[in-house]
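Please look over the sequence and the structure shown below before turning to the notes.

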Amino acid sequence: MLVLILFSPGIVLADEIGSVSTKFKILGANDKIVVEAFDDPEIAGATCYLSRAKTGGVGGMVGVAEDTSDASIACRQIGPISLPEKVRNGHEDGKEVFKKSTSLLFKSLQVVRFYDAKRNVLVYLTYSDRIIEGSPKNSISIIPIVPWH
């Protein structure tokens, strides 16, 4: 089942750029802030950098700890951008472009994309959700669509 999830179309994997420890743990890994990068799967030239909390300790080491909902995002144009018509016409507003599990069950960190046609800007929103109750903690970043030189 895990193999199917990992290799399903549309699943975006992030590249870990680095991390810093925020809390020492005697047993297991320290709590950290992890910085990751991922490319928008449908818009070449759009990359987002995400910083997020990662719980350490024994629970974090074996994958049963729940990470907090703290995250920040910064997205940039790194090459020419040509918007697909389905993005330009707003049919994909709120589409998930990244998702990462932040607990053993039921909690995830997501990034969704919107297009602001009036300002010709891509808007990326990151937030945490849970089956029963999500978190109001969120962060946004924008990419103005400009000619690439």
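The notes that follow are grouped by topic, from the overall fold to individual residues.

The model is predicted rather than determined by experiment. Its protein chain has three helices and eight strands, and 34% of the 149 residues count as buried. The structure holds 10 salt bridges, and its largest nonpolar core has 19 residues.

**Overall architecture**

- Read from the N terminus, the elements of the protein chain follow the order α-β-β-β-α-β-α-β-β-β-β.
- Among contacts in the protein chain with a separation of 6 or more, 45% are accounted for by residues 24 or more positions apart.
- The protein chain has an accessible surface of about 9,000 Å², and carbon and sulfur atoms contribute 61% of this.

**The nonpolar core**

- In soluble globular proteins, nonpolar side chains tend to be buried together.
- Within the largest nonpolar core, the residues with the most contacts are I43, L83, V111, L122 and Y124.
- Strands β3 (46-54), β4 (71-77), β5, β6 (107-116) and β7 (121-130) are the elements that give two or more residues to this core.
- I43 is located in the loop between β2 and β3. Its relative accessibility is 0%, so I43 counts as buried, the cut-off being under 20%.
- Beyond its neighbours within four places in sequence, I43 is in contact with I81, L83, P84, V87, R113, L122 and Y124.
- I43 and P80 are 37 residues apart along the chain, and their C-alpha atoms are separated by 9.5 Å.
- V111, setting aside residues up to four places away in sequence, touches F38, L50, I73, K95, E96, V97, F98, Y124, L125 and T126.

**The aromatic pair**

- The structure contains one aromatic pair. F38 and F98 form this pair, which is stacked, with 4.5 Å centre to centre and 15° between the planes.
- Because F38 lies in strand β2 (residues 31-39) and F98 in strand β5 (residues 95-101), the pair ties together parts that are 60 residues apart in sequence.
- Both F38 and F98 are buried, and V111 touches each of these two residues.

- Side chains of opposite charge can pair when their charged atoms come close.
- R52 and E36 form a salt bridge in which the closest N and O atoms are 3.0 Å apart. This pair links distant parts of the chain, with R52 in strand β3 and E36 in strand β2, 16 residues apart. R52 and E36 are both buried.
- D40 and R113 meet through their side chains in a salt bridge of 2.7 Å, N to O. D40 and R113 are both buried.
- E92 and K86 form a salt bridge, with the closest N and O atoms 3.7 Å apart. E92 has 12% relative accessibility and therefore counts as buried, whereas K86, at 40% relative accessibility, counts as partly exposed.
- D40, E42, K86, E92, K95 and R113 are joined in a network of salt bridges.

**The surface**

- A nonpolar patch on the surface is formed by I17, V35 and Y49, which together have about 260 Å² of accessible area.
- I17 belongs to strand β1 (residues 15-23). With 53% relative accessibility, I17 counts as exposed, because the cut-off for that class is over 50%.

**The segment after β8**

- W148 is found in the segment after β8 (138-144). At 43% relative accessibility, W148 counts as partly exposed.
- Not counting residues up to four places away in sequence, W148 touches Q77, I78, G79 and P80.
- W148 and I81 are 67 residues apart in sequence, while their C-alpha atoms are 7.7 Å apart in space.

How values were computed: Residues numbered from 1 in each chain as written. Predicted model: local features only at pLDDT ≥ 70, side-chain atom pairs only at ≥ 80, totals over all residues. Heavy atoms only, no water. Phe/Tyr/Trp six-rings, centres within 6.5 Å; stacked < 30°, edge-to-face > 60°. Helix = DSSP H or I, 4+ residues; strand = E, 2+ residues; numbered from the N terminus. Buried < 20%, exposed > 50% of the residue type's maximum accessible area, 1.4 Å probe, protein only. Patch = residues over 30% accessible without salt bridge, like charges linked within 9 Å, V, L, I, M, F, W, Y side chains within 5 Å. Areas by Shrake-Rupley, 256 points an atom, 1.4 Å probe, with all protein chains shown as cover. Salt bridge = Lys/Arg side-chain N within 4 Å of Asp/Glu carboxyl O. Contact = heavy atoms within 4.5 Å. Core = buried A, V, L, I, M, F, W, Y, C linked by side-chain atoms within 4.5 Å.
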